[in-house]
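Let's take a walk through this protein together. Have the sequence and the 3D view ready, and follow along one stop at a time.

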Amino acid sequence: MLTLLVFCTLNIAVSINVQADQKDPRLPVLFSHLLSIPPGIKSLILEKKIWNIWLETKNQSIVELMKTGQQATQSGQISDALDAYTQVIQQDPNYAEGWNKRALAHYLMNNHEKSLSDIRKTLSLEPNHFGAISGQGLIYIAQNKWSLAKKAFIKALKIHPTMRGPKANLQFIESQEIEEEI
């Protein structure tokens, strides 16, 4: 009986701390709708819903650190943003959006390899993270790795066919005669 009580208590404690982010049961339905919805306001609303789910957490400290990181990014204080997102990752290494935002901070600081590393971690936690995949494509452009960039944008568009950034970047790559940097 004591074992059952301890097990039930642990299950309750674990369920209280569960965050929505990448394991949320709403995501498969939303991703499915992304594949069939035409470009426009409905597509943007659907995308926003997915981003909101990725950002969800019941950990108030992480919520505050994410706000701090976002504000720092918007005000150009990228090293402060990097610090905030690193703290998020330290608090919850399974929170995909912490890795994704830190990847963005690294990208903005031209730390491309560190950004790619954080993107890989993001994608290991949330394989459908179209934002991270698109970011990967941008890094490959910055590195003149055009074929890898093209593959990344195609992959992002397979998940989110109406996403504007990858579409425009893919069109740019395809319209150019670009030589790969070796």
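Start where helix H9 meets helix H10. On the H9 side you'll find Trp 146, Ala 149, Lys 150, Phe 153, Ile 154, Ala 156 and Leu 157, and they meet Pro 166, Lys 167, Asn 169, Leu 170, Phe 172, Ile 173 and Glu 174 of H10. Sort the residues of this contact by class and you get ten nonpolar, three charged and one polar. Keep in mind that you're looking at a predicted model.

How do you put such a pairing into numbers? Two packed helices are described by the angle between their axes and the distance between those axes. Here, H9 and H10 pack at an angle of about 145°, and their axes are 9 Å apart. The crossing of the two is left-handed.

Now step back to the largest nonpolar core, which has 30 residues. Phe 31, Ile 50, Trp 54 and Phe 130 have the most contacts inside this core. At least two core residues come from each of H2 (27–36), H3 (41–55), H7 (112–125), H8 (130–142), H9 (146–159) and H10 (164–175). H9 gives the most, with seven residues. There's also a second, separate core, made of eleven residues, including Ile 62, Leu 65, Ile 78 and Tyr 95.

Last stop: His 112, which sits in helix H7. Is His 112 buried or exposed? Its relative accessibility is 15%, and buried means under 20%, so His 112 counts as buried. Leaving aside residues up to four places away in sequence, His 112 touches Tyr 107, Ile 139, Ala 142 and Gln 143.

Methods. Residues are numbered from 1 along each chain as its sequence is written. This is a predicted model: local features need pLDDT of at least 70, side-chain atom pairs count only at pLDDT 80 or more; totals for chains, interfaces and linings use all residues. Side-chain values use heavy atoms; hydrogens and water are left out. A nonpolar core is a set of buried Ala, Val, Leu, Ile, Met, Phe, Trp, Tyr and Cys residues joined through side-chain atoms within 4.5 Å. Buried means under 20% relative accessible area, exposed over 50%, partly exposed in between (1.4 Å probe, protein chains only). Helices (H or I, at least four residues) and strands (E, at least two) are DSSP runs, numbered from the N terminus. Axes are lines fitted to C-alpha atoms, for helices over the stretch in contact, and angles run from 0 to 180 degrees between N-to-C directions. A crossing is left-handed if the near helix is turned anticlockwise from the far one by less than a right angle, and right-handed if clockwise. Contact means heavy atoms within 4.5 Å. Ala, Val, Leu, Ile, Met, Phe, Trp, Tyr, Cys and Pro count as nonpolar, Asp, Glu, Lys and Arg as charged, and the others, Gly among them, as polar.
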